[in-house]
Amino acid sequence: MSVEKMTKVEESFQRVMELKKMVDRWRNAHTDCLWQMTLAQRRNPYATLKMQDTMAQELALAKKQLLMVRQAALHQLFEKEHQQYQRELNQIGKAFYVERL
């Protein structure tokens, strides 16, 4: 074999080795990706359960806060109506009976 043929063979061998390394890297990356996906799928139910529990707690707190806000608004409405009735009674010369201790 001539020197030219030897260099061509060596070059083609190097290209083949580079392609083989590239394929190996791709396979490793693909395997890594599959492993990460299965790991995420295993973790996902626990994360979902935890998220559902957190959402339930937040919903309970939101309901409690809404109840307190509505009670405060109702209290303000009753106070406003009481003052209005008191003004109306004062206009006609009457008043609410208030027991003093």
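**Exercise 1. Salt bridges**

Find how many salt bridges the structure holds, and state which residues K20 pairs with and at what separation of the closest N and O atoms.

Solution. Step 1: apply the criterion, a side-chain nitrogen of Lys or Arg within 4 Å of a carboxyl oxygen of Asp or Glu. The structure holds one salt bridge. This is a predicted model, in which local features need pLDDT of at least 70 and side-chain atom pairs count only at pLDDT 80 or more, while totals for chains, interfaces and linings use all residues. Residues are numbered from 1 along each chain as its sequence is written, and side-chain values use heavy atoms, with hydrogens and water left out.

Step 1: identify the pair. K20 bridges to D24, with 3.5 Å between the closest N and O atoms. Side chains of opposite charge can pair when their charged atoms come close.

Step 2: K20 and D24 are four residues apart in helix α1, about one turn of the helix. Helices (H or I, at least four residues) and strands (E, at least two) are DSSP runs, numbered from the N terminus.

Step 3: classify exposure, where buried means under 20% relative accessible area, exposed over 50%, and partly exposed in between (1.4 Å probe, protein chains only). K20 has 45% relative accessibility, so K20 counts as partly exposed. D24, at 30%, is partly exposed as well.

**Exercise 2. Overall form**

Solution. Step 1: count the elements.

Step 1: check the extents. The C-alpha trace spans about 130 × 25 × 20 Å along its principal axes.

Step 2: check two separations. R42, in helix α1, lies 45 Å from S12, C-alpha to C-alpha, at 30 residues along the sequence.

**Exercise 3. Surface**

State what share of the 101 residues counts as buried, and which residues form a nonpolar patch on the surface.

Solution. Step 1: burial. Of the 101 residues, 1% count as buried.

Step 1: area. The accessible surface is about 10300 Å², 60% of it belonging to carbon and sulfur atoms. Areas come from the Shrake-Rupley method with a 1.4 Å probe; for residues, only the protein chains shown count as cover.

Step 2: patch. L74, L77 and F78 form a nonpolar patch with about 290 Å² of accessible area together. Patches are made of residues with over 30% relative accessible area and no salt bridge; like charges are joined within 9 Å, nonpolar side chains (Val, Leu, Ile, Met, Phe, Trp, Tyr) within 5 Å. F78 lies in helix α1, residues 3-91.
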